[in-house]
Amino acid sequence: MIYLLRHGLDDESFIGGYSNVGLIPEGKIQVNSSAKWLKENITRINRIYSSDVKRAIESAEIVNHYLKLDIEYTRDLRELNKGLLNGMPKSEAELLYPDYIDVKDIHLKYPSGESMLDLYKRIKIFLDNISKYDDSLLVTHRGVINMIYTLLNNDILSMDKKRYNVVHASIHELDLEKNKIRRIK
């Protein structure tokens, strides 16, 4: 079994992607709650893998306060690369890059970044090798978790971020034997 945790709430006045925006106090509370739940309900986690983006790193460190496991940081779990917009204040991005706010086209690449289709392909390759993460917790982002849902459910690729209810600090269980994913907290 593999468990996935979306990072806690960060400052949403900035563009996410590969940004170095950290958790806000509410996000830390969210992750603490999920970490306590993991400690009390899941006993099969042997290692933590985390995206190497600041908000995920901070989330992994909070979880590790409870689980006391090794953490490995990896680029493989990063969110959609929004290129030049990564970490930019949304107000500035709306002025400089209005076509990249509320994107609907899965083929549209962010300047010096990825398209949603690129993320889909990247996560498809990641899933082909996911068995090495068995009995682990993956601390990652909504885009990554959404892509895993999309791929395992054979759903049509969509720009709908809320499609699978991957809210901040939510926990999802990936059953490798059944090739199924579901939200458990």
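Let me start with one pair. Tyr3 stands opposite Leu137 in E4. Keep that spot in view; the sheet is built around such pairings.

Some ground rules. This is a predicted model, where local features need pLDDT of at least 70 and side-chain atom pairs count only at pLDDT 80 or more, while totals for chains, interfaces and linings use all residues. Residues are numbered from 1 along each chain as its sequence is written, and side-chain values use heavy atoms, leaving out hydrogens and water.

On naming: helices (H or I, at least four residues) and strands (E, at least two) are DSSP runs, numbered from the N terminus.

First topic, the sheet. Strand E1 covers residues 2–6 and strand E4 covers residues 136–140. They pair in the parallel sense, over five bridges. Pairing here takes at least two DSSP bridges between two strands. In general, strands of a sheet pair through backbone hydrogen bonds, parallel or antiparallel.

Now the whole sheet. What is the strand order? It reads E3-E2-E4-E1-E5-E6. That is six strands in an open sheet, with mixed pairing. Which strands stand at the edges? Strand E3 (71–74) and strand E6 (180–183) do. Each has a single partner strand, so one side of each has no neighbour in the sheet. On average, neighbouring strands of this sheet are turned by 20 degrees against each other, direction ignored. For angles, axes are lines fitted to C-alpha atoms, for helices over the stretch in contact, and values run from 0 to 180 degrees between N-to-C directions.

Next, helix H2. H2 lies across E1, strand E2 (47–51), E3 and E4. Against E2, H2 runs at about 165 degrees.

H2 also meets H1. Helix H1 spans residues 25–41 and helix H2 spans residues 54–67. Their axes come within 9 Å and cross at roughly 35 degrees. H1 passes H2 in a right-handed crossing.

Who touches whom? From H1 we have Lys28, Val31, Asn32, Ala35, Lys36, Leu38 and Lys39. From H2 we have Ser59, Ile62, Val63, Tyr66 and Leu67. Contact means heavy atoms within 4.5 Å. The residues of this contact divide into seven nonpolar, two polar and three charged. In that scheme, Ala, Val, Leu, Ile, Met, Phe, Trp, Tyr, Cys and Pro are nonpolar; Asp, Glu, Lys and Arg are charged; the others, Gly among them, are polar.

On to helix H5, residues 142–152. Is H5 buried or exposed? Eleven of its eleven residues are buried, so H5 is largely enclosed by the rest of the structure. Buried is under 20% relative accessible area, exposed is over 50%, and partly exposed is in between (1.4 Å probe, protein chains only). The buried residues of H5 include Ile145, Met147, Ile148 and Tyr149. They pack against E1, helix H4 (116–128), E4, strand E5 (171–175) and E6. After H5 comes Asn154, with a positive phi near 50 degrees.

Now salt bridges. How many are there? The count comes to seven. The rule is a side-chain nitrogen of Lys or Arg within 4 Å of a carboxyl oxygen of Asp or Glu.

Take Glu72 and Arg47: their side chains meet at 3.3 Å, N to O. Glu72 is in strand E3 and Arg47 in strand E2, so the pair ties together parts 25 residues apart in sequence. Both are partly exposed: Glu72 at 35%, Arg47 at 25%.

Lys109 bridges to Asp118, with the closest N and O atoms 2.6 Å apart. Lys109 is partly exposed, at 46%.

Then Arg122 and Glu114, at 2.9 Å, N to O. Arg122 is partly exposed at 21%, whereas Glu114 is buried at 11%. There is also a network: shared partners join Arg47, Asp70 and Glu72.

Asp10 is buried at 7%. Beyond four places in sequence, Asp10 touches Val21, Gly22, Leu23, Ile24, Arg55 and His168. Ser19 is buried too, at 2%. Leaving aside neighbours within four places, Ser19 contacts Val53, Lys54, Arg55, Asn86 and Gly87. The C-alpha atoms of Ser19 and Gly113 are separated by 12 Å, and the two residues are 94 residues apart along the chain.

That's my tour. Over to you.

Notes
Left-handed = near helix turned anticlockwise from the far one by under 90°.
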